[in-house]
Amino acid sequence: MTVQPPLGMLVELTHRCPLQCGYCSNPLDLMKADRELATSQWQTAFVEAADLGVRQVHLSGGEPTLRRDLEALVSCLSDHGVYTNLITAAVTLTRDRIATLREAGLEHIQVSFQGARRETTELVGRYRGAHEKKRAVAAWAREAGLPLTINAPIHRLNIGEVPNFVALALELDAERLEIANVQYYGWAYLNRAHLLPDYDSVMRQVDYVERVREDLVGRLNIDFVTPDYYADYPKPCMGGWAADAFVLTPDGMMLPCHAAQTIAGLDFDRVTERPLREIWEISDSFNRFRDTEWMPEPCRSCARKDVDFGGCRCQAFAITGDAAATDPSCIHSPLHGALRQMPEPGEIRHRAITRAVEKI
Amino acid sequence: MRPERITITPQCRPCLPRHVRLRFDDLRGTPIVLAPEKVLWPDEISAAILRLCDGTSSVAEIAAELARTYAAPVEEIETDILAFLQDWSDRLLINVNTDHRVSKARS
Ligand code: SF4
Ligand code: SF4
C-alpha cells in the first residue's frame, strides 16, 4: 500500500476548558495541565509535520487559548507554511490577544456557540455570561480582519434554534456557519439519551438547512454535519483512517482520529518518542485500518467502500465491541437497529477536570 | 457574510481575500489553495487565472492575457473564467474590487 503524506492535523493543545459541554469530544479521562507538552516539544512536532506535508492545522482543545504560548505555536506553524485555524469557545479571549494572534499569523477563527440564545449557551456550557463574551469576541475578530466561522454543535437541547444560528451568523458577519450535529462518542455517547434529537426534528432541520443554504449561496457558507444516527449510510470519518489527517493529544499522542484511544487493543505512539513520519507511515495502529484491505463483509464487497470507508472505527467498536466491524450507522450492519435503542435518561454528565477552573 | 451575492461580469476586478492563500506545494508538485478549513487543488489553468486576480485587472483583461498564453479564442476563455470565478465567489473564495463595482454600476 502506498502511504500519501498527511494534509491536515487537529491539535488538541489542552483538555482544560472553562465550559462543561455534555458532548465534548475530549476523552472521558481528561488530563491535567502537567501532562501537556512543553512549547519546544510542540514546535518540534509541528516542524516535523510540516516537513511531512501538513498544510492546515486546527488548533483545538479543550480551550486552546488557555495555553499562554499559543502565539509562539501559531507563529511556528505559520513560518513553516501551515495554515492556522483556531477553534475556541472564546470566553477566555481578549481584544488584545486576538490582535497578537493575528500578528503571529493566525488565518481564521472558529467560535463555538452552545446555543443561539443566551439561556441555551449558558445551560449547555455551564458558564455564566458566555453568550455575550462570545459575541464580543466575534466582533473583535472581525475588527482584526480575521474570517469568522460560527460553530453550532446541534443536539436535542438546541435543535429548535437552527434558524436562530443562521441569523446569528449573519448578524456577527461570519463567513461560515458550521451546523454540526453532535457525534455520539465519549461524553456524547454517555449522554446520548439526553442529547439525541427525535427523528422528526432531525428531518425538519435537514429540510431547513438545505433550503437556507441554497438561499444564502454567495453570502454565507453553511457546512452541515448531518446526524448519522438516523442516516442509512455512515459518514466518511476523517476521509478514511490515516488517509490524509491525524490528531495530536495534549500529551503528544498521535492518533488517526480523535476518539481512536477508545478502541481497546490498539497501541499509539507519542511524537516525543518516535519520529512523526515513522508513526504516520509504518506504525501498526495507523496501518491497521488504512485503505480497504482490512475490511470484513459486508463492506469488503460493497460499492460504497471507497465512499465511506466502512464508516467510523470508534463507533463500530463502541457499539459492537469490534473495531473492524461495519459501522452500525450503516443499513447493512446487523446492529443497525440496536443503534437507536436508548438507555434510560439519568442525570446529564457534565465534563469537568478538577483543576481546570483555577487555571484560567 | 456578504450583504448580497456577487455576480461576476467581464468588468469585475477579482482578487483573492487575504486569508485565501495560493501557493505552490513543492512536496506534491502542484498548486494549492488554503482557505478557512478548506484545501483546494486548482489545475494549471485555474491557478493561472487565480494568479492574475490581483484586484486591478478585469476579467476581460485576464481572459485576453490567457487567450494569448494558451493561444485560444478569447470568448471561450472568458466564458470559462466567468463560470470558474462565479463558483469561487459563491464559496467566498474570491472578492471583487468593490470600489470599481460601484463606479461601474453608476456609469
Ligand atoms: S466541547 Fe465544550 S467543554 Fe469540550 S472543549 Fe469544547 S467548549 Fe470545552
Ligand atoms: S457496508 Fe460498509 S462500505 Fe458499504 S455502505 Fe455500509 S459501511 Fe459503507
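Okay, let's start with a term: a salt bridge is a side-chain nitrogen of Lys or Arg within 4 Å of a carboxyl oxygen of Asp or Glu. Keep that in mind, and keep in mind that what we're looking at is a predicted model.

So, which residue does A:R55 pair with across the two chains? A:R55 forms a salt bridge with B:D25, and their closest N and O atoms sit 3.0 Å apart. Between chain A and chain B the count is two salt bridges. There are also 17 residue pairs in polar contact between these chains, both partners being at pLDDT 80 or more.

Now, who supplies chain A's side? In chain A, α1 (39-52), β2 (56-60), β3 (83-88), β4 (108-112) and β6 (176-181) each bring at least two residues to the side that touches chain B. β3(A) gives the most, with three residues. Sorted by class, that side of chain A has eleven nonpolar, nine polar and nine charged residues.

What about the overall contact? It takes 29 residues from chain A and 24 residues from chain B. The area buried between them is about 2,300 Å², and carbon and sulfur atoms give 49% of that.

Buried here are A:L70, A:E71, A:L73, A:V74, A:C76 and A:L77. And what do the buried residues of α2(A) pack against? They pack against β1 (8-12), α1, β2, β3 and α3 (95-104) of chain A. Following α2(A) comes A:G81, and its phi is positive, near 75 degrees.

Terms used
Residues numbered from 1 in each chain as written. Chains lettered and ligands numbered in written order. Predicted model: local features only at pLDDT ≥ 70, side-chain atom pairs only at ≥ 80, totals over all residues. Heavy atoms only, no water. Contact = heavy atoms within 4.5 Å. Buried area = accessible area lost by both parts, 1.4 Å probe. Polar contact = N/O pair within 3.5 Å; in protein donor to acceptor, adjacent residues only side chain to side chain. Helix = DSSP H or I, 4+ residues; strand = E, 2+ residues; numbered from the N terminus. Nonpolar A, V, L, I, M, F, W, Y, C, P; charged D, E, K, R; others polar. Buried < 20%, exposed > 50% of the residue type's maximum accessible area, 1.4 Å probe, protein only.
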